[in-house]
Amino acid sequence: MGEETAARRGPVKARPRTWIWATAVMTVLCGGPLALLVWGAIAWSEMGRTQEVDCAKAVEFARGTLPADARDARCTAAHFQDTVVEAEFRTDRAGAWLAATYPAGKTAYSCDVDVCVRASYDEVLFVDVSIAYEDGGTALVRVKAFDL
């Protein structure tokens with residue numbers, strides 16, 4: 001009966017691939033939440049801030065089209081839980097544009113200018129249009145659209 005001695009081994013060394021996978025897992029576990037936190041902070045800081053937008057897209061959001069003779073157009077949009085888009089422009093044919101763009105619009109109850117119309121689309125999108133006639137037949141049109 002001979003005594004067998006087990007060969008004594010030293011500590012197990014990790015393979016290079018093990019270190020690569022361990023580094024990748026730690027990066028995802030630690031870096032993922034950090035990246036999400038940074039993204040959230042950037043998104044939160046821009047919420048509700050009014051920004052200039054393309055007027056054709058702004059009026060398209062309001063389910064309309066910008067008149068061909070529109071000038072001095074300025075448009076803004078703000079996003080948070082809902083979207084608010086405002087467009088302001090001057091045109092010579094405001095009455096015809098309003099009748100063609102919002103035929104189902106209803107006259108608003110109170111109005112500070114010459115014409116006020118409110119259109120509703122499926123109780124989700126609301127569009128308020130106000131027209132103030134200026135000298136020479138030109139009209140200042142303001143469109144405000146917001147969704148819920």
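The points that follow take up the overall layout, the pocket, the salt bridges, the surface patch and the backbone in turn.

1. This is a predicted model, in which local features need pLDDT of at least 70 and side-chain atom pairs count only at pLDDT 80 or more, whereas totals for chains, interfaces and linings use all residues. Residues are numbered from 1 along each chain as its sequence is written, and side-chain values use heavy atoms, with hydrogens and water left out.

2. The protein has three helices and seven strands, where helices (H or I, at least four residues) and strands (E, at least two) are DSSP runs numbered from the N terminus. Their order from the N terminus on is α-β-α-β-β-α-β-β-β-β. Of the 148 residues, 26% count as buried; here buried means under 20% relative accessible area, exposed over 50%, and partly exposed in between, with a 1.4 Å probe and protein chains only.

3. The largest pocket has a volume of about 270 Å³. On a 1 Å grid over the protein atoms alone, a pocket is an open set of points where a 1.4 Å probe fits, with protein on both sides within 12 Å along at least five of seven lines, and lining residues have an atom within 4 Å of a point; grid points are joined across faces, edges and corners, and the volume is the space filled by probe spheres set on the points. Of the 16 residues that line this pocket, Asp128, Ser130, Arg142, Val143 and Lys144 are the closest to its centre.

4. Strands S2 (71-79), S3 (83-91), S5 (115-121), S6 (125-133) and S7 (139-147) each supply at least two residues of that lining. By class the lining holds seven nonpolar, two polar and seven charged residues, with Ala, Val, Leu, Ile, Met, Phe, Trp, Tyr, Cys and Pro counted as nonpolar, Asp, Glu, Lys and Arg as charged, and the others, Gly among them, as polar.

5. Six salt bridges are present, each a side-chain nitrogen of Lys or Arg within 4 Å of a carboxyl oxygen of Asp or Glu. One of them joins arginine 142 and glutamate 88 (2.8 Å, N to O), linking distant parts of the chain, since arginine 142 is in strand S7 and glutamate 88 in strand S3, 54 residues apart. Arginine 142 is partly exposed at 39% relative accessible area, whereas glutamate 88 counts as buried at 14%.

6. Arginine 71 forms a salt bridge with aspartate 92, the closest N and O atoms being 2.9 Å apart; because arginine 71 lies in strand S2 and aspartate 92 in the loop between S3 and helix H3 (94-101), the pair ties together parts that are 21 residues apart in sequence. Asp72, Arg90 and Glu134 are linked in a network of salt bridges, in which arginine 90 and aspartate 72 meet at 3.9 Å, N to O.

7. Leu34, Leu37, Val38 and Ile42 form a nonpolar surface patch with about 400 Å² of accessible area together. Leucine 37, in helix H1 (residues 16-46), is exposed at 60% relative accessible area.

8. Which residue has a positive phi of about 60° although it is not a glycine? That residue is arginine 63, in the loop between helix H2 (55-61) and S2. Glutamate 123, in the loop between S5 and S6, likewise has a positive phi, near 55°. Most residues other than glycine have a negative phi.

Definitions and conventions: Patches are made of residues with over 30% relative accessible area and no salt bridge: like charges are joined within 9 Å, nonpolar side chains (Val, Leu, Ile, Met, Phe, Trp, Tyr) within 5 Å. Accessible areas come from the Shrake-Rupley method with a 1.4 Å probe; for residues, only the protein chains shown count as cover.
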